[in-house]
2 protein chains.
Amino acid sequence: MRSFDEYKELVESKLTSYLPECGEYASLLRDSMAYSLDVGGKRLRPVLLLAACDAAGGNVENALPYACAIEFIHTYSLIHDDLPAMDDDDMRRGKPSNHRVYGEAMAILAGDGLLNSAAELISEQALALEGDADSLFAHARAAHEIMKRAGASGMIAGQTADVTSEDKEATADLVRFIENHKTADLITAPVRAGMMLAKADAAMLEDFTTYANRLGVAFQILDDILDVEGDDKLLGKTLGKDADQGKCSYVNVHGMEAAKSELHRLTDEAKTAISKYENSKFFAELAESLERRDH
Amino acid sequence: MRSFDEYKELVESKLTSYLPECGEYASLLRDSMAYSLDVGGKRLRPVLLLAACDAAGGNVENALPYACAIEFIHTYSLIHDDLPAMDDDDMRRGKPSNHRVYGEAMAILAGDGLLNSAAELISEQALALEGDADSLFAHARAAHEIMKRAGASGMIAGQTADVTSEDKEATADLVRFIENHKTADLITAPVRAGMMLAKADAAMLEDFTTYANRLGVAFQILDDILDVEGDDKLLGKTLGKDADQGKCSYVNVHGMEAAKSELHRLTDEAKTAISKYENSKFFAELAESLERRDH
């Protein structure tokens, strides 16, 4: 296993190189996609994919395109989130948001382009596996895992529930739906996809799925806590997202003390789920550093 | 080989059933995606995928999810195209456009959802192919073909070139780039993907690629011709797209007579490319009916 920063460096060394060449007449598309990828961020999701693959004995280099594809998906969701019709955010990670630099039309196309590039990059990996049924099937499972959790029954469903939550009663059920889908699905997808690429056994896959789900929900609750406590600096650094003004948060439904207690409980549950594995230290430390807010 | 309408009925019998369930809290997402799929249209792209697969001796039923995925991609591109920041169209195929019914935020999410659902639906097909290296590889080629031509070096590059063409000199090169990528790539992708699923040989794949490209470029030039001649009824019926006001069209650069002559030349080239194949009649008639504008 390598360190968080080593995985992160690996991701950042390749990230924009995996974007398609868009041609002379569409160079603005590539520029706008690369702009949002280059703004930075924790790279939590791609790091989790590489670390999960590594922990299960897989090949980290081969997993790198899938890791970068997850970051493409995360980044497209932020670009579209920031649009005037959505959260209408002018800034993202201390820099002008994509549509403030390239205009709304290009920001819509850059988001579409990044989501499509993720699917394209993933699908491309199978072309080198002709004749290898086992690796082709491992690829197929990872590809489906990522697209399903990113999609209309996953992250986009969570986004929809969040965007439309103002019209609904804020219930514990709705809050958990948003946490699970808007946030946890795109934390769970890279962990499971990394494990699938490494051909991990079903028991290990299940334990790490529990870890990833609890980490993801904790991540969203921390976001809600920081939103209320207003630590903008930490918030920007930790989550790379602007404060969520949503009425439908754990804090708003259950209260601040309950939220902090739930954050602690989820972190413990995440750590416990994987404690028996040889490489659990990396993942336990990551969960703890998230709870301490120093990541 | 079946008739155009038989393939079309097959597509329409399954199209919305392939959408993911979005859950109680995101039912609006599914509604908005289904609304735009149900508005109708020629279904040219999915029909081409099924017909190409059929012509090469493949299994049409197995190809149906891929065909529907292509229609998801076409539909998402229309939803995003119609947004106020893009073409700002209130109507699509005689009905209110997606954002006029569901609002801009939901239209953005519905477009994202349809694109993601296409990749998800395609990737799901491989899960039934464990152990079958040949079919897994045929799937992988078809999946990559669709995502590549739909993407940032394909359709989205063409869209970008079109959207930004007002700032550029309208040259023959730029016009051909837009025709090839904005339009022909999403005609070529289903033809090639259908052939790949049927494991067609390289020569047949190449000939049908020529057919599909010429058909796609002809399709865009016809759009430009109808745009100027203002046959709104035919335009709506044929292309399912609103008139393109773009300065960068074949008609504007080369003139109306040259455009009509090029349309004729391309149709001939399309037909010639595949004339030696047993099932060429279906494809030749489709190209002719397009030129006669009665499709």
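Author: Contact here means heavy atoms within 4.5 Å. The model is predicted.

Reader: Which residues of α4(A) and α7(A) meet?

Author: From α4(A) come A:Tyr66, A:Ile70 and A:Ile73, and they meet A:His139, A:Ile146 and A:Ala150 of α7(A). Sorted by class, this contact has 5 nonpolar residues, 1 polar residue and no charged ones.

Reader: At what angle do helix α4 and helix α7 of chain A pack, and how far apart are their axes?

Author: Two packed helices are described by the angle between their axes and the distance between the axes. In chain A, helix α4 covers residues 60-82 and helix α7 covers residues 133-150. Their packing angle is about 10°, and the axes are 11 Å apart. Angles under 35 degrees count as roughly parallel, and α4(A) and α7(A) are therefore roughly parallel to each other.

Reader: What rotation and shift superpose chain B on chain A?

Author: Two copies of a chain are related by a rotation about an axis and a shift along it. For chain B and chain A the rotation is 180° and the shift along the axis is 0.0 Å, with an RMSD of 0.0 Å. That is the relation of a two-fold axis. Within chain B, B:Ala133 has the C-alpha nearest the axis, 2.1 Å from it. Both copies use the same surface, as 100% of the contact residues of chain B recur in chain A.

Reader: How much area is buried between chain B and chain A?

Author: The size of an interface is often given as the accessible area lost when the parts come together. Between chain B and chain A about 4,700 Å² is buried, and carbon and sulfur atoms give 75% of that area. The contact involves 56 residues of chain B and 56 residues of chain A.

Reader: How many salt bridges are found across the interface, and how many over all chains?

Author: Across the interface of chain B and chain A there are 0 salt bridges, while the count over all chains is 38. One salt bridge joins A:Arg2 to A:Glu61, with the closest N and O atoms 3.7 Å apart. A:Arg2 lies in the segment before α1 of chain A and A:Glu61 in helix α4 of chain A, so the pair ties together parts 59 residues apart in sequence.

Methods. Residues are numbered from 1 along each chain as its sequence is written. Chains are lettered from A and ligands numbered from 1 in the order in which they are written. This is a predicted model: local features need pLDDT of at least 70, side-chain atom pairs count only at pLDDT 80 or more; totals for chains, interfaces and linings use all residues. Side-chain values use heavy atoms; hydrogens and water are left out. Copies are superposed by least squares on the C-alpha atoms of residues with pLDDT of at least 70 in both. Axes are lines fitted to C-alpha atoms, for helices over the stretch in contact, and angles run from 0 to 180 degrees between N-to-C directions. Helices (H or I, at least four residues) and strands (E, at least two) are DSSP runs, numbered from the N terminus. Angles under 35 degrees count as roughly parallel, over 145 as roughly antiparallel, 65 to 115 as roughly perpendicular and the rest as oblique. Ala, Val, Leu, Ile, Met, Phe, Trp, Tyr, Cys and Pro count as nonpolar, Asp, Glu, Lys and Arg as charged, and the others, Gly among them, as polar. Buried area is the accessible area (1.4 Å probe) that two parts lose on being put together, summed over both. A salt bridge is a side-chain nitrogen of Lys or Arg within 4 Å of a carboxyl oxygen of Asp or Glu.
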